[in-house]
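Welcome! Take a moment to look over the sequence and the 3D view below, and then we will walk through a few parts together.

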Amino acid sequence: MTQHPVQDRADQGGAPGVPQEAVLVLEDGRVFRGEAYGAVGQTVGEAVFSTGMTGYQETFTDPSYHRQVVVMTAPHIGNTGVNSADMESRRIWAAGVVVRDPALRPSNWRSQGDLADALRDAGVVGASGVDTRALTRHLRDRGAMRVGIFSGPAARRPHEELLRTVTEAPRMAGSALAAEVSTDQAYVVSPPEGVPTRFTVAALDLGIKGTTPALLASRGVRVHVLPATSTFEDVRATEPDGVFFSNGPGDPATADHEVGLLREVLDAGLPFFGICFGNQLLGRALGLGTYKLPFGHRGINQPVLDRSTGKVEVTAHNHGFAIAWPEGVPTDQPADTAYGPVRCSHVALNDDVVEGLRCEQVPAFSVQYHPEAAAGPHDAEYLFDRFTQLMEDHRAQA
Amino acid sequence: MPRREDIRSVLVIGSGPIVIGQAAEFDYSGTQACRVLREEGVRVVLVNSNPATIMTDPGVADATYVEPITPEIVESIIAKERPDAVLATLGGQTALNTAIALHEAGVLERYGCPLIGADVRAIQLGEDRQLFKGVVERCGAEVARSSICHTMDEVLAAVEDLGYPVVVRPSFTMGGLGSGFAHDEETLRRIAGAGLQDSPTTEVLLEESILGWKEYELEIMRDHADNVVVVCSIENLDPMGVHTGDSITVAPAMTLTDVEYQQLRDIAIAVIREVGVDTGGCNIQFAVNPADGRVIVIEMNPRVSRSSALASKATGFPIAKIAAKMALGYTLDEVPNDITSSGGLRPPGTPRTASGEELREADRWYSAAFEPTLDYVVVKVPRFAFEKFPAADPTLTTTMKSVGEAMALGRNFTEALQKALRSVERSSSSFHWREEEAPSAGMARALLDQARTPTDGRLVLVQQALRGGCSVQEVHEATGIDPWFLDQIALLNQVAEEVRSHARASAGGRLTPELLRRAKRHGFSDAQIGELTGLSESVVRGVRHALGVRPVYKTVDTCAGEFVALTPYHYSSYDEETEVAPRERPAVIILGSGPNRIGQGIEFDYSCVHASLALREHGFDTVMVNCNPETVSTDYDTSSRLYFEPLTLEDVLEVVHAERQAGPLAGVVVQLGGQTPLGLAAALKAEGVPVVGTSPEAIHLAEDRGAFGRILAETGLSAPRHGIAFSVEEALGVAHEIGYPVLVRPSYVLGGRGMEIVYDDDTLAAYVGRATHASPQHPVLVDRFLDTAVEIDVDAIFDGTDLYVGGIMEHIEEAGIHSGDSACVLPPFTLGRRELEEVREATRRLADAIGVRGLINVQFALAQDVLYVLEANPRASRTVPFVAKATGVALARAAARVMLGATVAELRDEGVLPRDLDGGAMPADAPFAVKEAILPFRRFRTQTGQAIDSILGPEMRSTGEVMGIDAGFGAAFAKSQLRAGSSLPTQGTVFVSVANRDKRSMIFPVKRLVDLGFTVVATAGTADVLRRNGIPAEVVRKHSDGPGPEGEPTIVDRITAGEVDMVINTPSGRDSRADGYAIRAATTSLDKPIITTVQQLAVAVLGIEAMRAGPLSVASLQEHAAALDLFGRDGADPSTR
């Protein structure tokens, strides 16, 4: 545990350290006030709330939060500090963070540093002392929208000016962001020592979290993580037993290159597994539409029903977009696509959102949520076994 | 999957009386379960001996057996009712142990009624420590290194291997009874010896010490389709070594990374699967090494527990209710989350948003198959009662010692903690920053040393040590409390100093909105701010209101705001946005009774709940304010709105303000929750808050000695001679005038706190010196003590014109024993018609003169044919639920209606009250109901490990009560004494040693015992008297004489050897006090019946006769009510029968 004297960082609520003020301006004009947290300055992004009570570090370093300002509903954030093991990518991606009560200092044996320092070092502007519940309820009722955090001198600019800054920023709908977060260079994640390599998978990095290749590798998968701009030739060059598309930020409707690549994968009959953004892309490749949810699903307590077993799994979610099931087709019936019938394999229990696809004639499936968890429950980890099973079966047939 | 169709009737086993470790939480869970089962069309048969519960209300089950929870009695109920299944996972350890006994005796199989919720194998895997160890290891997790021992030799061999300190845990006991830490062989022998005795399987576990590790608990639900959810994580602020029931606990866990939390979750789920808890709730406890994260599984309870009640209130997820549905065969995904759903089962048909359209209002259906997420912090603080047991060791250990708990919610930890500390209603448990007590560096060291030992109030020591300059690191090393929590307490000290210095710097101690808001966001009360700024609490409040600094009310919604909550379950916070909805119906705010404590327990919650239910049915929105997570009153669907708030003037005034903003307010009910709300009556009135029912002035009339004396004079009633003293001199003067013995007590107390019977000047002077020092503004009351009187208790309702007598109870013990500790009988068993009429008339006159509108409780003493008034309380008493059960009349409901303006005549017309009769004129063939107190003496040990004295007195010390009801008085009494492990003997040896004054009265009962075949042993003096009356008695050596020359044992030796089946020992003068103590302590340790008054002896003999006459018969309250028929529903006037 790192040691700081208690007085080192004054409580963000007040007096002696003279905290700098911060103001949040939402695109509909509503304003919330708090104090500067992390870097001082300004940031604009899509305001989303995340309801997980643990795992803020995994959340902030998840590339899917690129260009989003994350409102944490759990009031105390930073209690366990930050550490190198819980980084889900090379950096913090959240465009801003809003919390109620930041920790005075971290207290956990795994901690290597303070979250506020990490945010400051990464230049991530945040706000603390905000009525995050009121803000969450606002987003729930009005839908996700753009928000600006302005702290320090920026907070003192006239409201109209701040609001204009917010409304002039790009919207999430229509944004293609995968390329911004993807790796520049391909790299390989090999099975850990003692685990024999059984399969090779080409994983398209659309904003991949570190835990995903790690979980595949622990099952004997050599994972070639490829940039989002990779071509089918690049994929084939890895001589894959299967192809994986990761999670990632942005509007799936913009991802034409990736959809084209995926169709080539399906045409080639390669086993495919997609998560989150990858699920939406499978939907598009099959010819289904996608739409933006009013305020998305972000948290680690979301119940999903696995239609094939009738069992419920508690899962990590982070998505603002979802697959639109064809009008007039019940979700317990298959829908016809260019690649044969597809089933809605998983549904969200709370609102019946399509949470998974399983093709009946091509070896492809995907889920909207996060079997890699991090943060979140491990209930859905079996999906990685389904993927290796799929590759196994495919190899046996071949 | 829909529910099982093969289950049409279920026997629900309750948890019996409130004892330490098993309290009101099982009334809450059991009541929920019964309601669910009935909603599902299942016939519910219930057994619970505790009359003070909501679950034993006749409307909650179809057949309610207020009968002892013993395997034999429960078997009789099964034989009579033939249920399809038995549900035993919602009644605590009592129900579970009874179910196992029934299983082992083959009863469940014989009658074809299997356990649902958890099977016997799962219970055994979860509760048997050796089997459980195997379970955990099969799940790839660790338990502490340990050894199971059945004898002291095995214990001593095991400790060689494990090393000191070791933890000793007896198997199959509740609330950690008998467990503890042993640092050396002497303590090991003592704890393990007692543990072997306490364990029904004569088994203790010795375990490596994980003292000082972090302690966590997960509450889990599983359905038969193997869906599992974690409802709540709880982190103990007090590290390992303090029973979780005695720890300050926090939800959710504060200091775990997701990686660690998910590891606990994975283990918990693997364990619940391996144990095979196929449906329902359970909890699992972990220890985590703060240095390296090593996880040890401590234990799991395959049933609903105290923690699950806490978790339900903390999250809004009703564990017991859902568990009952799971037991019927539903799966989690089929059952709605009530807080966010409009109800019913999962709607079939078309998916709602699968193609992207908006969710419609009518589609609001969210399943219970999810994990609640909190956007607030919950803190639970235990409430102890060591002041009642001065001899008991107050060190907190792995044996639970607290008698209740308070919970608070806040938007951060500091706010929740400070609210929780003030919710336990002890000024000493809240943090303070008094300047004159500012600790020096040296004092801070001393405080730190004190804080090494966990005790009630340790957190204040910690706060003062930090205030005095100890570092967080030092305090962490001394106490093991996580630095994160200590930082928060240091922050409170920092904010306090800011408030003080700011107020000092500004002219006239000006409070700014910023400063107030900052203090309030960290939970400072107006009183604390006043202390820091030198202003009175009311001035601080006035300024704060003038500046517009008020709390907002947030909602407990299970989902951190993700979905709209349909259930108004609120808590205050100094945040921006309030969520209190406007309303149209007039509201009645009901103030609850706060944490359970001795003298103020579940009986008061009972009345509050009934008032709420009755008033909701009659046009009001009811608003419950309470902070006790164990209770039915804090169930989110008991009242129209629930505010989980401390019951202080400040917190209540803010709720009143919020509700006044929301709509019309009819008034506040303060008379049902015991002394806590009653104590607020005058202040609320002074603040312009309407108090409904009996007015605060009338309450004062009854509580103020002088005023009450005038009322007695007006009504021509007598009281024992008495006086008031503000000093020792005055007290001696009063005593000399009225004569000894005198009963002395501080004014304004409940439960007889500090009450003593005094026989001489020296003792009186010492007592008054202590009392006036403790509370100079309150005088001491000195009453003539009527030492041979019969005590009578009356509960009645008065509407200004008519009196309805709920019941007249006769105490079995003579005056001098607190009414809460005294057994009583309804209807009275020795009072004649004329005396009953006199009692009724006196009650009527008192109620009228005081100005009662609602309930009144009067205690009388009848001595030499003169009726004396001991006290009158214009409020709900603790006997209201007992009276309601004994007479079949919903007294509390009727009282609530009267408080809001209904008349007794109207209620008689409506059928709420009987048309003509009342509980003061019971038919001659009415069954007898006996209420008996349950005392916690076995829980406590002195610092040297001795049992504490079990003698009764004017200070109340019981934690709960049972009721025995039967057509015959003897059988009713026998039932009241019957519980697992202890009951009246029907044969064997009795030891008799009575005070001289009692020798005459004991002769006939003891003779009868001999006639019934008992062997009598007695000390020399008693034996002489018995022999002279032709009763054979064996002489046994006194304890003080020691063993004889030939090693002849003393009476204490013989009791300890288990050779005595019942002890009759009435305390006499000082000379034999030590002997009496040793006898009682030995008897208490073995849990054998002990009789300490001759009146008890007489009725005990009647009870023994009834038990010998054949098996006790069982009857449900519904059957009793039908036979009694006060309401005359069968057409005949029962009084003529």
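## A strand inside chain B

Let us begin with strand E30 of chain B, which covers residues 854-863. Of its 10 residues, 8 are buried, so this strand is largely enclosed by the rest of the structure. Please keep in mind as you explore that this is a predicted model.

## The partners of E30(B)

Which strands pair with E30(B)? One of them is strand E27 of chain B (residues 790-798), which runs antiparallel to E30(B) and is joined to it by 9 bridges. To find this pairing in the view, look for B:Ile792, which stands opposite B:Phe860 in E30(B).

Strand E31 of chain B, residues 866-873, also pairs with E30(B) in the antiparallel sense, here over 7 bridges. In this pairing, B:Val858 stands opposite B:Ala872 in E31(B). E30(B) and E31(B) form a hairpin, with 2 residues between them. In the turn sits B:Gln864, whose phi is positive, at about 45°.

As background for viewing such pairings, side chains in a regular strand alternate between the two faces of the sheet.

## Where chain B meets chain A

Now step back to see the two chains together. How many residues does each chain bring to the contact? Chain B brings 61 residues and chain A brings 58 residues.

On the side of chain B that touches chain A, three helices of chain B give two or more residues: H9 (258-275), H16 (483-505) and H17 (513-521). H16(B) gives the most to that side, with 7 residues. By residue type, the side of chain B that touches chain A holds 27 nonpolar, 14 polar and 20 charged residues.

## Two domains in chain A

Chain A is our last stop. Its domain assignment gives domain 1, residues 6-168, and domain 2, residues 178-397. The C-alpha centres of these two domains of chain A are 30 Å apart. Where they meet, 22 residues of domain 1 of chain A are in contact with 22 residues of domain 2 of chain A.

What supplies the domain 1 side of this contact in chain A? Strand E3 (42-50), helix H1 (56-60) and helix H3 (132-142) of chain A each supply at least two residues. E3(A) gives the most to the side of domain 1 that touches domain 2, with 3 residues. The residues on that side of domain 1 of chain A divide into 7 nonpolar, 10 polar and 5 charged.

Note on methods
Residues numbered from 1 in each chain as written. Chains lettered and ligands numbered in written order. Predicted model: local features only at pLDDT ≥ 70, side-chain atom pairs only at ≥ 80, totals over all residues. Domains from an automatic or database assignment. Contact = placed C-beta atoms within 7 Å. Helix = DSSP H or I, 4+ residues; strand = E, 2+ residues; numbered from the N terminus. Nonpolar A, V, L, I, M, F, W, Y, C, P; charged D, E, K, R; others polar. Buried ≥ 20, exposed ≤ 12 C-beta atoms within 10 Å, placed from the backbone. Pairing = 2+ DSSP bridges.
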